[in-house]
Structures are given as C-alpha cells and as structure tokens.
Amino acid sequence: MEALPPAAPPATAPAAGGLSSTEARQRLLQYGPNALETVVDAGWLRVLLRQFRSLIVAVLAAAAVFSFAFRDWAEGYAILAVVLLNALMGFWLEWRAQASMAALRRLGASTARVLRDGQVCAVPAEQVTVGDVLLVEAGEVVAADAELLAAQQLQVNESALTGESMPVLKELTPAPPEAPLAEQTNRLFKGTAVVGGTGRALVLGVGAHTQLGGIAQLVQQARHAATPLEAKLNHLARQLVLLTLGLAAVFVAVGLWQGQSAYQLLKTAIVLAVAAIPEGMSIVATLALAHGMLRLARRHVLVKRLAAVETLGGTDVIFTDKTGTLTQNQMAVHTVWLPEGRVEFAPGRIEIEATPLLRTEAYQHLLRAAVLCNNATYSPADAAAALGDPLEVALLALAHRSGYDAAAAQAGAHRLAEQPFDSDTRLMATLHRHDHARAWAAVKGAAEEVLGHCTQVQTADGALPLTPAERAQWLARAEELAQRGLRTLALAYRVLPDAAAPAWAHELTWLGLVAFLDPPRPEIIPALDACRQAGIRVIMVTGDHPATALTVARQVHLTIDADATAVTGAELPALVQHPNGAGRRRLLRAAVFARVSPAQKLDLISLYQQQGHVVAMTGDGVNDAPALKKADIGVAMGLRGTQVAAEAAALVLRDDSFASIVAAVEQGRVIFTNIRRFVLYLVSCNLSEILVVTAVGLLGHGTGLLPLQILFLNLLTDVFPALALGVGRGSARVMQHPPRHPQAPIMRPGDWRLAVAYAALMTAALLAAHYTGRQYVGLPAAVSNNVLFYGLATAQLLHVFNMAGVGTPLLHNDVLRNGYVWLALGLCTGLLLLSYLLPLLRHLLEVQPLSGPALLLIGAPALAVLVLGQLLGWLLSHWPVRASTAPLHQA
C-alpha cells in the first residue's frame, strides 16, 4: 500500500527561506503533529478488569455468593481471596510488560533540522509541518515526506519501506505519479535513513499522511486473535465447569432420591464446585509463562505478551524478512573476478585466505583503485560507524580483510581531481599524485561504461590490449553476476605522464569486476537447520529483487533446489484466484516471495492461517509492521528495527539474532510441555477430590471433605508442586520432534484417560483407608475426615513423581532432577505441619488430634499411589504408543 500525501502547499509558500515561526505554528494546528497514531496503552483499571474475564473466576464467584448466602463467611472470603490473588498476579505481569514498551517508545524521540525565519534550527520531529524546508545529511533519519529542492550526492536507505538493500541515489528529476516507491527518486520519505550526501526538501506530508503513516494504518487494521494457549485454557475451563455442573446435578438428584437434606446437598455442591476448579491453574500458567519470559530475557528476547511465548512453541511456519533478518543489512564483497580467474569470499570471515589469485599484481591494482576512488569512511575498530555509500564501505572493508593498508595508500596519493558519479555516465573517477610527477587515475562504475573507456586489460604478463572478444566476455560475466542477484562494479586505472593530461578518465586498463551482496548473518544457517529439525518451515518474504532473494536463500540453505524460483508480488493475485487451486498449491510450496507489498504479506499470512498453520512473522522494517501484527506471533528486531515494528510485534529481539527465535521456539515448546504436565497433575488431583466427596456423600458419610479443606489443598498441594512442574527446564529432545497440531487441546483424550485412572487410584486408596478407619479402627467421624484430608494431601504430593511421563523410570527423569519440585514438597510438608500445630488453622480446618493408627492410614494411601502409579505407567508404556499418550517431552 502506498498512501498518497496531502496536496502540496501553495506555490507562494516561502520555500527558499522556510516558514516563519508564526506560519509554522498555524500549520502545525492545521495539519496536526508529525506523529504516527500509536497503540494507546490501556489504563491500570482496564488491565485489572481484564484479569476477571474468566469462566473459572465466574464459577468461583458464584460459589462465594452461595457461601455468603449460607453464612459460611470464612469459606466465602477465602474463595474471593483466591480470585483476587490470581487477578493481582496477572495484572502485575501485564502492567510491567506494558511499561517496558512505553520506555522503548520514549527512547525513539528524534529531532530534525529545518529552515525557520531564514535560519537553520533543530526542532522535535513531531513539530515538522507541511511547507517546512527540511535539511538532511548523512546519518540522519528523514522526518517527513518531502520533495527535493536540492541534492548533492544524496543517497537514502529506504529498506525499511521497500526491502531494498541498496540505497537510492536521489535526484531532482520528477518521477511519474504512478511510479513505484523505489523509483520516486525526487522524494524523501519519513523514517528512511540518509547514508550519504546532503539535501534540502519541501515537506509535503506529515504524520498519518506519509508513506510510513499509510503502513501504520495497515497495522491498526490488522486484527489479532487470542493465542492458541489462551483458547486452549478457556476450552479446558469450560470442560471442567461442565464436568462440575454435571457431577453436582447427579449428586443432588441422587441425594434427594435418598431423602437427604436439600441444605446439606447444596453445601456439598459448593464443595464439588471448589474441588473441581483448579484455582491454581491460572496462577501457575501465568507464572510458568513469566518464568519462560525471564529465561528469554536473559537471551535478549523481550516478550510483550506472556502467552506469545507458548504460541512460538506451536509455530510450524515462520515468514521471515530478508534484509536485516536473514542478512546483516550491510553490503559486503561476494566475488572478485580478475582476468586470471574469480574468487568468492566466505561471509563473516574477518581475514581473507591468501589464494594465488589474491597475490597477483592485478589484485593489488584493484585494491588500490577501490581505496582511492572512494569517498566513504571506514574504521575496522568500529565498522558500525562507517559512513558513505555501502558499496564504497564494502570496498574499504575488502581492503582491510586483504591486509591492504588503505590509510597509507590514500595518504601517499593526494587526490588532485574528482569526476563524481553521475546517472548519465554511470561511473566515478579520481585523479591522484603518483611517483616521479606522474598521475594515477582510478575509475569504478557500471561494467559496460567502464569497458567503453578501456583499451587494455591487466594480466599476469602486464597490461595487454583489450580485444572485442574479451569485451564481450566481460559483459557476459557481469550479466551472469547480475542474474545471481549480485550488485556489480567494474574497476580500471591509468598511469598518466602528468596531472595536466586531458581526458584522464579514458584509455584505461581494465582490472576486473567486484560483486556485492548483503551477507547472511553468521548464526542463520545453524538456526535454520534447527528449525528444519524441529519441523518448522521458514519462508522468505521480501520486497527485494527475486534474483537477490534467491541468492540469499541458497546461501543460507533456505532452499537447495537449483531450479527453485521466487514467487513475485505481481504473480500473487492470479495464483490466489487460480480456478483449479494449482496457484494456491504453488504458493504453499514456495520458499521465497519477492517484490511483495505490505498488503500482500497480510494475504500470505491469511492464506497459511486458513490452512490451519500457526504463523510467526519476523522483521525489522516499517513495511513488516502490519504482518507482524496479523501473524499469530510477530517477532521484531530491536537493534536494527523500527519503533513501528516493535509496537506491532509480540516479541522483540534485543540482539537481532535469528538464533534467539530458535531459543524462543524451544522455550515455547518446553512451556507447553510443562503446562500439559501440571494440568494433568491438577486435573487428576482435583478429580480425586471430586470422587472422594461424591463417594463419601453417596455412601451416607457426610461430605467427607470441607470446602476450606479443599481450598487449602488446592492452594497448597496444587499450586506449589504444579508451579514446580511448570518451571522445569524440560527435555533436551523437545526440538527433535515436529510441532504439535495447532488444534490439539492441552488435555488430549489419552491425558483425560490417564487423569481419570490416577484419580480413581487415589480415590480407591483413600476410601480404603477411610473405610478401614471407620469399620476396623473405630475412628470417629471428625478424625476420619482428617484422615481423608491429610491422606489426600500426602498422596497428591507424592503423585507429582508420576508426572515424569508414561514409562519414564522413577529414578531417572527430569521431574526427579527438578530442584523446584523438592523445594515445593518441603514447603508443602511444612505448611501441612503448621495446619496441625497452629490453633487458628486447626480451628478453620477442623483438625483433630491424630493417633498412631490414623497416621498409618494417612501414609499408606500415599505410598500406594506412588507405587501403583509407576506400575500403571509401566503397563501403559508396553502398549502401542498413540499420539494421545505420547511421552510428555513430545508435547
């Protein structure tokens, strides 16, 4: 999408000396501030209220209301305290993430230089208005859309808007109104970076009425749905609520049929509601995600939304931008083609291996010409601070890597004259003082133009005449490099008898070709290999040239098919609307998309999402922002990235490393495995509570457990052991399996069967102890209640070791090695002792003194649950493994 700026200011606008301060203030009121519409942060009250939008919260609130109605004040307040604690935890974490992004926005404030009252002054970029005369130079960011009034070798990097790696040479020649953005060479665009030269321009559009503003509107229009984890937790909550209502209805119906008291039945129904709802699930899920977020923060990944970490774990398609994501967003020499042969350089190598070709006189001449015919500045100690044309910077870097002393060469060859690069001549030439009063001319430019000025070629035997056949051969070589998506420069030189020689840029000696490419980031190939091993497709989506995109794709092993082609943005509409679906199938098979507009990126993401894929989108440019928001998970680059991209994304990489994405994917998978593990633990524990209450009630022995006792169990044995399971480091094999199906629930059918089996096991063991205590030991009803209470607590604590996975040895698993599990067991044991020793807790929980036989009846079920649970796992491991009963590390 290309947003058209507003109409230019009237011709009478004081363009020469700029606006007056009064006129600037009036226009600022008329056109508004030069700022993009950003997402307005929610207020603290809205963030807090969002924490109560949960079905589990609604059921617990209803249970609290009924408790108050029955004047069970302690139970009602305890339930409300649980709800409030969960809400405050979620509020604190979300508010901190929101504050982090606000700090990032404040860091993005900038200034601009404009003419006001005939004087150059620096003003906040937000105060630049239509009609201002904007002054720009190398190193600055363009503050608004503007039309050039003057330019001196002005070059602008527009990759944030267009995806093009190379800067655009700006000139005053007007471009047609319908020209693509990359071809509007007489205009400057807000958010782009000036890399060379100087210029003056008349501001035509500010704020939302700029190309950048048009893309920002796409960001606002792109809707983001709930993450898969949020949807799965809500679905599980609905399942638990329906189970609770069903069991409560059956219990009440049977109780009424047996003639039991309606009041007592309703109180038991409240107990069932409290027992069925794992109050700790939301807290533990939030803390597990927060723990994963902190781990990722140590890997330089800022997570804006907690659930986004898990979404990455389920991602099976990653759309990645090329410039700055797969590549370094800086040009480097890829190939040097000398008369004796060519050499391709490995990207990322600091030094160049001295092959025979690079020890020739021709190569030394080529390096000298590259260094002398050069206006860039480059220091190996601070390469990031280099200024000038990226190709010239790359030539200086090549000289340094080759061990050539560029500083000495420039100091010893004083520049006498320069012929600047011109779009008509398509070459640059410089004249330098040489030995014995002679002069040395260095020339670089387009191959066909430089060849037209050459009469000789530098060979191992010295300078020889350049034949027509050799000219044709060099032109073919230049075309071959261009077809591979490489930018090329030709270099030549001439030694003149004196500096006064006329036409010194003619009758040159040909040195060869230098080809450039934006090199891959060093960590890309291992990161992509890890994605392939994990069953994740990585697809390049870029606005750059198809040949350049394919070259980079092959370099990073994104595609190894020699016949692979890139799908272009011009082809997309026809392929999407292909009558027999062949076009869509080609789109779904393609690994590279080139010349793609921001709106088309949204279409591609929608296409894959419609096919059931979980799509992640990485990028750093403004043109990536709409897609970052539309994707299931948007990942922005924090160092090279724009503020707009960071606002739209769910994750921001502070080190711009694709390897950090792999770490985030791994952490997401570990988190989902941990969530499955603790949910299985919670559900099996809570089902055991339901079955115990229901069975004891139907047998006519009262409620068996009191509401406060169950609430204590759920907050104690559920929360701490479940939290320990939720923050485990996970299996080392988690990235050796394909992503789970995006529609797979947290609790698969096999998990439900396993939870019921564990719950039945705990219930049977506890009922046996309860029956033994009442019938054979003669325990009173209050003590029998305590046997159920403490027996269930200890059984649930030891049950945590059954969560290592089906068939996993008891003494060799990641649960046993999890230090948090042992800490949780120690803490829970201490709290259980306090509930027996502290008078206040004894009174609230109705704890009675326990005899030796009662303590044996408490410990026996717990040991039985551990031993029989391991036996159950061993039996299941010897059955044919199905997807629904796979080990937990394969979540």
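Author: Partly exposed means a relative accessible area between the buried limit, under 20%, and the exposed limit, over 50%. Trp822, at 46%, therefore counts as partly exposed. The model is predicted.

Start with helix 27, residues 781-799. With 19 residues at 1.5 Å each, helix 27 should span 27 Å. Its end C-alpha atoms lie 26 Å apart, which agrees. Of those 19 residues, 15 are buried, so helix 27 is largely enclosed by the rest of the structure.

Now the rings. The count comes to eight aromatic pairs. One of them is Tyr790 with Tyr836. Their ring centres are 6.4 Å apart and their planes meet at 75 degrees, so this pair is edge-to-face. Tyr790 sits in helix 27 and Tyr836 in helix 28 (residues 819-837), so the pair links distant parts of the chain, 46 residues apart. Tyr790 is buried at 7% relative accessibility, whereas Tyr836 is partly exposed at 25%.

A second pair joins Phe801 and Trp822. Here the centres are 5.3 Å apart and the planes at 50 degrees, so the pair is tilted. Phe801 belongs to the loop between helix 27 and helix 28, Trp822 to helix 28, 21 residues apart. Phe801 is buried, at 8% relative accessibility.

Back to the tyrosines. Tyr790 and Tyr836 form one aromatic cluster with Phe712 and Phe789. Tyr836 also has a charge over its face: Arg842 lies there, 5.0 Å from the ring centre.

Methods:
Residues are numbered from 1 along each chain as its sequence is written. This is a predicted model: local features need pLDDT of at least 70, side-chain atom pairs count only at pLDDT 80 or more; totals for chains, interfaces and linings use all residues. Side-chain values use heavy atoms; hydrogens and water are left out. Helices (H or I, at least four residues) and strands (E, at least two) are DSSP runs, numbered from the N terminus. The expected span of a helix is 1.5 Å times one less than its number of residues. Buried means under 20% relative accessible area, exposed over 50%, partly exposed in between (1.4 Å probe, protein chains only). Rings of Phe, Tyr and Trp (its six-membered ring) pair if their centres lie within 6.5 Å; planes under 30 degrees apart count as stacked, over 60 as edge-to-face and the rest as tilted. A charge sits over a ring if NZ of Lys or CZ of Arg is within 6 Å of the ring centre and within 35 degrees of the ring normal.
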